[in-house]
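Please look through the model below. The report then takes up its fold, a pair of helices, the core and a salt bridge.

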Amino acid sequence: MLTVEEAAAFLRVNRKTFYEAVRLGSVPGVIRLGRVIRINKSALISWVQGNGGPALGVKR
């Protein structure tokens, strides 16, 4: 399990950008425990490997 900060660093994106992607439901493997957000590392890695779409934070 990764924190939002760890996941953002892993993806090399800004923490605020990652929070926005989580809010929009763009990131798989998100687990909310009250106010705490954790991201399943294996789901994130699988998503990154198979994600051919635009990068996080790119306006559509």
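## Order of helices and strands

Along the sequence, the protein chain runs in the pattern α-α-β-β-α. The chain thus contains three helices and two strands; both are DSSP runs numbered from the N terminus, with helices being H or I of at least four residues and strands E of at least two.

This is a predicted model, in which local features need pLDDT of at least 70 and side-chain atom pairs count only at pLDDT 80 or more, while totals for chains, interfaces and linings use all residues. Residues are numbered from 1 along each chain as its sequence is written, and side-chain values use heavy atoms, with hydrogens and water left out.

## Burial and contacts in the chain

Of the chain's 60 residues, 23% count as buried. Buried means under 20% relative accessible area, exposed means over 50%, and partly exposed lies in between (1.4 Å probe, protein chains only).

A contact means heavy atoms within 4.5 Å. Among contacts in the protein chain with a separation of 6 or more, 45% come from residues 24 or more positions apart.

## How H1 meets H2

Helix H1 (residues 4-11) packs with helix H2 (residues 15-24) at an angle of about 105°, and their axes are 9 Å apart. Axes are lines fitted to C-alpha atoms, for helices over the stretch in contact, and angles run from 0 to 180 degrees between N-to-C directions. H1 and H2 are therefore roughly perpendicular to each other, a label for angles of 65 to 115 degrees.

From H1, Val4, Glu5, Ala7, Ala8 and Leu11 meet Arg15, Phe18 and Tyr19 of H2. The residues of this contact comprise six nonpolar, no polar and two charged.

## The nonpolar core

In soluble globular proteins, nonpolar side chains tend to be buried together. A nonpolar core is a set of buried Ala, Val, Leu, Ile, Met, Phe, Trp, Tyr and Cys residues joined through side-chain atoms within 4.5 Å.

The largest nonpolar core has 13 residues, of which Ala7, Phe18, Val27, Ile39 and Leu44 touch the most other members. At least two residues of this core come from each of H1, H2, strand S2 (36-39) and helix H3 (41-50). H1 gives the most, with four residues. Apart from neighbours within four places in sequence, Leu44 is in contact with Leu2, Ala7, Phe10, Leu11, Val27 and Ile39.

## The salt bridge

The structure holds one salt bridge, meaning a side-chain nitrogen of Lys or Arg within 4 Å of a carboxyl oxygen of Asp or Glu. Glu20 pairs with Arg23 in this way, and their closest N and O atoms are 2.6 Å apart. Both residues lie in helix H2, three residues apart, which is about one turn of the helix. Glu20 is partly exposed, at 35% relative accessibility, whereas Arg23 is exposed, with a relative accessible area of 56%.

Key. Parallel < 35°, antiparallel > 145°, perpendicular 65-115°, else oblique. Nonpolar A, V, L, I, M, F, W, Y, C, P; charged D, E, K, R; others polar.
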